[in-house]
Protein chains: 2
Amino acid sequence: MHNNLKKIGSELNPNVSVDCVIFGFDLEKLTVLVIDRGEISAENGPRLALPGNLIYDNENLDQAANRVLDELTGIKDIYLEQVGAFGDPFRIHKESDREWLKSIRAQPDARVITVAYFSLVKIEDYQPHPSSFAKNAEWTPVNELSELAFDHFEILQAAKEKLKQKIKIQPIGFNLLPEKFTLSQLHRLYESILDKPLDKRNFRRKIQKLNILSNLKEKQRGVPHKPSSLYEFNEEKYQELTQMGFDNFGF
Amino acid sequence: MHNNLKKIGSELNPNVSVDCVIFGFDLEKLTVLVIDRGEISAENGPRLALPGNLIYDNENLDQAANRVLDELTGIKDIYLEQVGAFGDPFRIHKESDREWLKSIRAQPDARVITVAYFSLVKIEDYQPHPSSFAKNAEWTPVNELSELAFDHFEILQAAKEKLKQKIKIQPIGFNLLPEKFTLSQLHRLYESILDKPLDKRNFRRKIQKLNILSNLKEKQRGVPHKPSSLYEFNEEKYQELTQMGFDNFGF
DNA sequence: AGTCTTTGTGTCATTTTTACACTATCCAAA
DNA sequence: TTTGGATAGTGTAAAAATGACACAAAGACT
């Protein structure tokens, strides 16, 4: 039997961690916050990794994900959704990962299950500072990543897919845009997430018919071309829609 | 620090378990395999629970789910898909649950994370026998369940939702039907999963247009009404479809 | 005044969806 | 052998959604 059993308390649980795929949108493409583990941990294996940490025994999984997010970016109350659990028995076992593991207080030999979340952040709400707690975090375009440490690349793929499916069903994309945005920005966002071109006029028609945007009587300023009018997401109108059983945006 | 750390081995991991929502279809409604924990464990809290168990440190999550399924039903190579991870810190803590927990070798005070899976089983492939290993397992119509032990009811809801979304994207329903089935059976299956009525003629037209069914030149026998012709799912034709980027059944 | 860049808009042909009702076939019971 | 009961199987027309496609308008900059 197990005499090494942990009691419930506020200690870190050495067997379960949370990793976050934090998506942003730079108005051109979808980006992810990745952290640079530095040279020490990267003698073999990629330097870049998703932010994550072990969970405490007195918090639930959602709380743990929120905490990781808060610790890294200082933002609270962010759109967050679970992607799933990952964990092959021997995945964290390379000698070269030991230093890194110590830094997040994990035990190199432990068998760790990771619960992955994705979150949607307005990129303006977090600009990494060299002097901040997470001095080595950086927004990186999703499509420029081809590898990540541990199984984080696999997690990223799963998160992208989940986001893609989810946005067909709920208008969560607004979490990635400023409060006031243009239809073109929304258009580019959907193209980035769905990873395919969408006809401009058909996209605008479809979105407008849903009637979940408020057209602010306000225009872009300072752009070197015809200014676009600005819109706002209208939560109330969206609630009306869902209460009528609507759950398909038809993308 | 943690001196109670487990080394990787073939021991049970006291912190992570797997629960399975095993769906079946009795040709009328969607059912789930639930087990009766008996009176001992049910002094307070529902007797019925989902099958599950702790994972071993030398198996991955999918393997653990397959093992739980095999241990309960003896069936292997079944459709299986992860629903997600669940786990509030203090959820397993009632005195009355202790006996039950011991029976699956969990530690009553441990903080357990559960990874939930759902699986699809041809109901004919598993008929619970009173004498079998899982003598208290039973197919129960999904809609007749209003509570389950622990957080299993929440897990069941999540699994139903996941199944509902998934079947709009992939024709996984065939895993719930006999090899040879009628269009009416398929129709009732979709209505059960989507939990809404579907027009008969429109359903048949939609399915037939997909061209992923083979019409066997064979009819039902022994039914007290006009016999239906039998169909088979055609994997090859479905593969052709997906390779053309098809991923929306339009339900 | 002219150029550059992005916005914003309409139509038409095709496809998809929805709503809807009656005949055909088999079994069983009279 | 006739009849009743039950489910299978089928078509159409109207409405809605989709997909393809091109050009004028607005402002910034030179």
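**Close-up 1. Packing of helix 4 against helix 5 in chain B of the predicted model.** Helix 4 (residues 183-194) and helix 5 (residues 200-210) of chain B pack at an angle of about 105°, with their axes 10 Å apart, and are therefore roughly perpendicular to each other (angles of 65 to 115 degrees). Helices here are DSSP runs (H or I, at least four residues), numbered from the N terminus, and axes are lines fitted to C-alpha atoms over the stretch in contact, with angles running from 0 to 180 degrees between N-to-C directions.

**Close-up 2. Residues joining the two helices of chain B.** The contact (heavy atoms within 4.5 Å) is made by Leu183(B), Ser184(B), Leu186(B), His187(B) and Tyr190(B) of helix 4 and by Lys200(B), Phe203(B), Arg204(B), Ile207(B) and Gln208(B) of helix 5.

**Close-up 3. The protein surface near DNA strand C.**

**Close-up 4. Side chains facing bases of DNA strand C.** An N or O atom in the side chain of Asn202(B) lies 3.2 Å from a base nitrogen, while one in the side chain of Arg205(B) lies 3.0 Å from a base oxygen.

**Conventions.** Residues are numbered from 1 along each chain as its sequence is written, and chains are lettered from A and ligands numbered from 1 in the order in which they are written. In this predicted model local features need pLDDT of at least 70 and side-chain atom pairs count only at pLDDT 80 or more, whereas totals for chains, interfaces and linings use all residues, and side-chain values use heavy atoms, with hydrogens and water left out.

Conventions
Angles under 35 degrees count as roughly parallel, over 145 as roughly antiparallel, 65 to 115 as roughly perpendicular and the rest as oblique. A residue is near a molecule or strand if one of its heavy atoms lies within 4 Å of it. A polar contact is a pair of N or O atoms within 3.5 Å; within protein, one must be able to donate a hydrogen and the other to accept it, and residues adjacent in sequence count only if both atoms are side-chain atoms.
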